[in-house]
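Let's take a walk through this structure together. Have the sequence and the 3D view ready, and follow along as we go.

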Amino acid sequence: MRLHQPRREATICLVLCLAASSFLVARQTELAGAAPAPGGCGTWLPPVEGEITRAFQAPAFAYGPGHRGVDFAAAPGTPVRAAADGVVAFAGSVAGSLHVVVAHDGGLRTTYAFLAVIAVHEGDRVSRGQVVGAAGGSGPEHDQGGLHFGVRLGDRYIDPRQLLEVCDLTQLVRLVPVDELPAEPWDARRPYAPGTLTSGGSGVTAVAGDLAGALGDAAGGAFDAGRRHWDVMIGVAGTAVAAGARSVADAGAAAGRSLANVATAVFARSPAGIAASVAVDVAGGAVDWWRHRRECSDGSPAADGTGGSGHLLMAVGGIDSAGAPDDPTFDLDTRALGYHDDEVAYFSYAPGGGAYSPAQTHGDLRRAGLGLAEQLKRMQREHPGREVDLIAHSQGGVVVDVFLRDYYDAGDPEYPPIGTVVTLSSPHEGAPLATAAADWRRSPVGDALIDAAQGRIPLAPADGPSVRQLDEHSRFLHDLWNDRLPDHVDFTTIGATDDVLVPATQIDVPDATKVVVDVGGSPLGDHAGIPHDPGALGVVRAALEGRPPPCVGIVEGARGVVVPTLITRVEHALGDLPVVSR
């Protein structure tokens with residue numbers, strides 16, 4: 001509906017809405033007595049009998065575009081049924097659309113989104129096949145009927161078809177240690193929100209994540225399809241941004257940042273859309289900081305050579321580092337962290353584990369992760385049973401991600417026990433400069449400019465497998481975060497406020513403690529300076545000793561939210577410069 005319509009049109013609309021409401025109330029009574037429908041060869045029942053019109057699509061990275069559920073074809077008024085027994089965790093309106101969320105045994109939750117009417121109440125117990133509402137409600141891409149159906153296992157969205165298509169329950173059941181979430185057969189993703197906001201969370205936050213995911217994905221699909229008028233999209237985006245702000249206040253950054261995707265998808269690169277998403281990103285970062293204030297310590301000791309973990313250390317350098325295995329590959333003050341010189345080893349990018357050159361850091365990061373696995377096995381043979389900490393800088397943190405996700409097995413005696421993992425300015429979510437470089441490489445002019453700049457401009461990204469893999473849209477990053485990292489790993493990620501090579505917006509890791517510090521000096525020096533910065537080392541020492549991180553003041557906290565967000569936006573804009581247009 002357009003703003004500032006004549007009063008007569010508004011009156012007509014009100015009458016029509018009242019008539020529609022009367023119909024829906026009558027329809028709700030009819031739905032309550034409807035008999036369960038057959039279907040589904042296993043325990044889980046499809047919510048409607050229609051075909052799937054849009055499949056599940058995991059995003060390439062946190063907050064990235066995707067589709068965190070499936071859409072069913074369903075005529076308006078079609079009864080929507082509970083997929084399994086459970087308890088209604090939410091039944092109501094979010095951003096103008098009706099939703100029902102049902103909690104099931106085993107940490108599963110199902111979402112039935114964009115309903116025309118709701119037939120249950122929060123707290124109701126529902127049985128498999130019981131009607132929870134009717135299809136046909138409105139949403140960013142659901143104004144012609146249909147149903148969005150989502151499933152979450154804990155904090156992870158999974159493909160609902162994996163539940164609906166299972167006839168033999170042994171396909172779903174396997175024995176696992178009690179402290180390990182099943183990695184198969186679920187298509188597990190990263191949790192929705194980064195940093196310290198992903199550790200479990202309340203029921204309210206979990207439900208907010210369900211609803212925000214449905215709204216954000218629907219809006220993204222609406223923009224991609226290009227099927228809506230501009231005035232309708234503006235109205236939806238405005239509602240979603242407002243709802244995002246409320247969600248940040250009510251349920252934390254998870255819902256707020258998810259709803260930020262609505263504005264980003266609808267407005268694309270328009271100034272209004274950029275401003276809206278920046279505002280919500282900053283609001284979400286502010287909630288991160290507030291949560292950090294509640295979990296930090298004002299009395300954390302400095303890294304002065306005392307304390308520490310008492311473990312061995314494997315230090316992993318980043319791109320353009322050199323040295324190893326006995327010579328330092330980056331400027332990490334290991335003595336300040338309490339390590340003795342004979343307790344420290346440095347990872348090597350060379351195939352045999354010997355000394356390596358900067359050029360070898362530009363190779364395949366998967367191969368580097370395998371190399372880290374082999375070098376840790378060597379440490380286990382030399383020091384059987386001795387616990388090993390991992391501290392990585394820059395790209396080295398992604399090498400650690402690959403090792404933990406693809407190779408490390410806590411039950412494999414060939415590996416040493418992994419103690420604390422700390423990364424410093426590591427692009428776990430990709431590097432915006434690498435993304436911009438990928439955009440430039442698609443143009444002959446941009447490709448030539450990058451070639452000319454290499455070796456002359458400090459920020460000019462080199463062309464190699466690792467740089468291409470750090471493109472935020474790369475297949476490598478998509479595959480890297482298909483599964484979560486091992487749950488028992490104690491992970492801390494640290495970023496620098498003014499780092500232009502790896503902005504602090506890119507350092508998030510699921511379930512990790514995240515801290516942004518003000519390194520000081522020039523922006524070009526923050527990235528190289530963080531491994532020996534006293535503030536950053538204080539955070540590392542706290543992590544090694546299992547204590548809360550040092551508290552960050554309000555001024556430093558505000559800078560740590562706003563500045564990295566703006567740096568990231570500017571670097572993304574580099575890929576849109578006219579010179580790289582094809």
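Two strands pair if DSSP finds at least two bridges between them. Helices (H or I, at least four residues) and strands (E, at least two) are DSSP runs, numbered from the N terminus. The model is a predicted one: local features need pLDDT of at least 70 and side-chain atom pairs count only at pLDDT 80 or more, while totals for chains, interfaces and linings use all residues. Residues are numbered from 1 along each chain as its sequence is written, and side-chain values use heavy atoms, with hydrogens and water left out.

Start with the open sheet of six strands, in the order E12-E11-E13-E14-E15-E16, with parallel pairing. At its edges are strand E12 (344-346) and strand E16 (513-517), each of which pairs on one side only. From one strand to the next, the twist averages 20°. Helix H7 (residues 365-382) packs on this sheet and touches E11, E12, E13 and E14; here contact means heavy atoms within 4.5 Å. The direction of H7 makes about 160° with that of E11 (axes are lines fitted to C-alpha atoms, for helices over the stretch in contact, and angles run from 0 to 180 degrees between N-to-C directions).

Now zoom in on E13. Strand E11 (residues 312-316) pairs with E13 in the parallel sense over five bridges, with Leu 313 opposite Asp 389. Five bridges also join E13 to strand E14 (residues 418-424), and these two run parallel; there, His 393 stands opposite Leu 424.

Why is E13 (residues 388-393) largely enclosed by the rest of the structure? Six of its six residues are buried, so the rest of the structure largely encloses the strand. Buried means under 20% relative accessible area, exposed over 50%, partly exposed in between (1.4 Å probe, protein chains only). Val 388, Leu 390 and Ala 392 are buried on one side, and Asp 389, Ile 391 and His 393 on the other.

Next, look for ring pairs: the whole structure has seven aromatic pairs. Rings of Phe, Tyr and Trp (its six-membered ring) pair if their centres lie within 6.5 Å; planes under 30 degrees apart count as stacked, over 60 as edge-to-face and the rest as tilted. Tyr 112 and Phe 149 make a tilted pair, 5.4 Å centre to centre with 40° between the planes. Tyr 112 lies in strand E6 (residues 108-118) and Phe 149 in strand E9 (residues 147-153), so the pair ties together parts 37 residues apart in sequence. Both Tyr 112 and Phe 149 are buried.
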